[in-house]
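Biologist: Can you put the model up? I have a few questions about how the chains meet.

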Amino acid sequence: MNMTFDPMSLALFAGFLAVLSAAIFSLLKVRNMLGMLIATEVMTKGVTLLLLCAGYINGSIELTQTFIVTIIVIEAVVAVVAVGLAVSVYRNTGSLDIRNLNKLNG
Amino acid sequence: MFEMIEMVEMGIFCASVALAVVLLIAALMQRRLMRAAIALAAASVMLSLVMYQLEMFWAAVFELSVCAGLITVVLISASSLTSREEQDAAAAEPSTMGLVPLVAVGMGALAAAAVVVAGVLPEAGSLAVGGASQSFRDTLWLFRQADILGQLIAVLAGAFAVVILFKEGDKQ
């Protein structure tokens, strides 16, 4: 049994799994479009924690930074597009509840 | 003496990670979008502190300026464009959202057990690649050019999407 572990990588990895699982659970339960966006953002933060953990273990700080910068840019674009979509839906339906988006039902 | 300083640094690091995780879970549990956006911004600040402690200075600056700045502004703008009643009406049941920290603690404990008992993570530095390390600028511009192209495409797609989505429709 391997009992050696690093507290810093342990904190990052446990944080990643805790945040990702909580965000997925929240994404499944929440009905508000903007709440779903928050859950998606939190999931991205969890992935950032995993990248930090991998970079810390691997020791390649610079490569990890490039990945984190890329994920931050994508996170920002996703946030802006999702907010635009939510506001557009709110203007048309007067609601943020995704259960009201049923006009495409066959 | 040096061991004590190292222990203190490690404690500060673990506390920063724990605080970031707590703030992220708090963001998930808020019914009001404004409070969730503020919690998310605080979590981004803590994450940038973690990055700074790992000597990832460029990533820390990006996290602080984009995630704690730009995305927070976008979320607060969305909050002001929608009514508070509608945010409350579409929110999940409080009893359901009370399960979020339980899920997080359970999975975090599972991950900690996997790391401590089974040793699923290799030791720090054990996978380090030899050779001279590149600077952030060289790594980004010389070795990750596809990433830059992808970022440009994503930003342009986002800009076009915003133009189309925020366009005022024809009033009948």
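Modeller: A polar contact is a pair of N or O atoms within 3.5 Å; within protein, one must be able to donate a hydrogen and the other to accept it, and residues adjacent in sequence count only if both atoms are side-chain atoms. This is a predicted model, where local features need pLDDT of at least 70, side-chain atom pairs count only at pLDDT 80 or more, and totals for chains, interfaces and linings use all residues. Residues are numbered from 1 along each chain as its sequence is written, chains are lettered from A and ligands numbered from 1 in the order in which they are written, and side-chain values use heavy atoms, with hydrogens and water left out.

Biologist: How many residue pairs are in polar contact between chain A and chain B?

Modeller: There are 8, with both residues at pLDDT 80 or more.

Biologist: And how many salt bridges between them?

Modeller: The count is 1 (a side-chain nitrogen of Lys or Arg within 4 Å of a carboxyl oxygen of Asp or Glu). Lys45(A) pairs with Glu63(B), with the closest N and O atoms 2.9 Å apart.

Biologist: How much area do the two chains bury?

Modeller: About 6600 Å², 80% of it on carbon and sulfur atoms. That is the accessible area (1.4 Å probe) that two parts lose on being put together, summed over both. Ile38(A), Lys45(A) and Ile57(A) supply 10% of the area that chain A buries against chain B, more than any other three residues.

Biologist: How many residues does each chain put into the contact?

Modeller: Chain A gives 70 residues and chain B gives 80, counting heavy atoms within 4.5 Å as contact.
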